[in-house]
Amino acid sequence: MIQTSACLRNLLTQSLHPGSSLSKLAAYFCYTCRLASSLQQEHKLSDYSDNEYADLDWDNLGFGITPADYMYITKCSKDKNFEQGKLSRYGNIGLSPSAGVLNYGQGLYEGTKAYRTEEGRILVFRPDQNAMRMKMGAERMCMPSPSIDQFVDAVKQIALVNKRWVPPPGKGALYIRPLLVGSGPVLGLAPAPEYMFLVYASPVGNYFKEGSAPLNLYIEEDFVRATPGGAGGVKTIGNYAPVLKALTRAKNRGFSDVLYLDSVHRKYLEEVSSCNIFIVKGNVISTPATNGTILEGITRKSVIDIAHDHGYQVEERLIPVDELIDADEVFCTGTAVVLAPVGSITYKNRRIEFRTGAGSACQELYSTLVGIQTGLIEDKKGWTIEIPHQIN
Ligand code: COI
């Protein structure tokens, strides 16, 4: 059960005059108290069940939506700051039929994960990076964005109040999905007059139905994902529906996902529908340089760092599709995908196969990345944020 006795606010407010500015300041700085206060706005604390685990088949998590108990919502008008967010039960939200996001796709999303460690700690992976990426994306999409602190605070609140949905160690993660959308009504093409920042969560396992088995990718020749000058480099919701056609076609033909080429030369590797791509040749690990058409993945960035630490030479550059023929390994990275080996890529009816499994660079990098994310390896980089255990 939640304990409310020994918190900083209580200690201070016992000795300070209730309602004094010092007492208010103390309450503000007590993170768990702020959490309690956002919960109390909608629910009594006693509504919040602190059972250790939700009742779920933890051994068979895929990447479907199993909503965790609570979501976080806040709104703001154009050119104003977001209000303090409120936690409420996960459920439908009301939107005007003329909301900017519904009519003109003014929206961004993010994804981060909370992991449970062997000792029962809850760690969230680099939410500050998601916050910064949302800020950049919001600028591109003419939207106001929550401050880095508000974003990270919202993610922490969601991890804490939904902690019974964080899978047992080794079974998966709580996928946390922040959304920023134009919620105000528009008819003429213009930025919406009001915005909503919302965070919800769902426990997840492997993204691909293949589990941890190597992926079989298909190189798309008819469709492209992004164009220079477009918004391919930001995590706007509009980058995802247009790939569904190619993705569905490839899946129907037995492939795991689609690898897109650049839209100008139709020659250079860009990214996969759901993740970034890397190729390995000897000691050199290469990935397409981010130039506005490729998403700046947080896992991509983390893996580049880890690869350097492991002594690999890392190149961010243009990668002609022909280089695949000589590659030793190919792997994908993403928050949902984590770090997934690619067993084959099919291009112009030719299937190219790659090394996977024991001794591969992919496996080495995966072990370190997941080790840090799950607390098995000491986080010397300050990438993980520990969520306090309870409201105390
Ligand atoms: C993520 O990895 O978080 C993504 O946003 C990819 C999405 C297709 C699930």
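Begin with the ligand: the space it takes is the second largest pocket. The model you have open is predicted.

Stop 1: Select the ligand, then show the residues around it: Tyr109, Tyr175, Arg177, Tyr207, Lys235, Ser274, Thr335 and Ala336. Three of these names deserve a distance label.

- Tyr109: an N or O atom of its side chain is 2.8 Å from an oxygen atom of the ligand.
- Tyr175: here the distance from a side-chain N or O atom to a ligand oxygen is 2.6 Å.

On its own the ligand has 290 Å² of accessible area, and the protein covers 89% of that.

**Stop 2: Thr333.** Select Thr333 next; you will find it in strand 14, which spans residues 329-334. Is Thr333 buried or exposed? Its relative accessibility is 0%, so Thr333 counts as buried, the cut-off for buried being under 20%. To see what is packed against Thr333, leave aside residues up to four places away in sequence and show its contacts: Cys275, Asn276, Phe278, Thr299, Arg300, Val303, Val338 and Leu339.

**Stop 3: Gly230.** Move to Gly230, in the loop between strand 8 (215-219) and helix 7 (244-252). Gly230 has 27% relative accessibility and therefore counts as partly exposed; that class runs between the 20% limit for buried and the 50% limit for exposed. Gly230 and Arg140 are 90 residues apart in sequence, and the C-alpha to C-alpha distance is 9.8 Å.

**Stop 4: the whole chain.** For contacts with a sequence separation of 6 or more, 71% are between residues 24 or more positions apart. Finally, show the surface of the protein chain. The chain exposes about 17,700 Å², and carbon and sulfur atoms supply 51% of that area.

Key:
Residues numbered from 1 in each chain as written. Predicted model: local features only at pLDDT ≥ 70, side-chain atom pairs only at ≥ 80, totals over all residues. Heavy atoms only, no water. Helix = DSSP H or I, 4+ residues; strand = E, 2+ residues; numbered from the N terminus. Buried < 20%, exposed > 50% of the residue type's maximum accessible area, 1.4 Å probe, protein only. Contact = heavy atoms within 4.5 Å. Near = heavy atom within 4 Å. Polar contact = N/O pair within 3.5 Å; in protein donor to acceptor, adjacent residues only side chain to side chain. Areas by Shrake-Rupley, 256 points an atom, 1.4 Å probe, with all protein chains shown as cover. 1 Å grid on protein atoms, 1.4 Å probe; cavity = no way out; pocket = protein on both sides within 12 Å on 5 of 7 lines; lining within 4 Å. Sits in = over half its atoms within 2 Å of the grid points.
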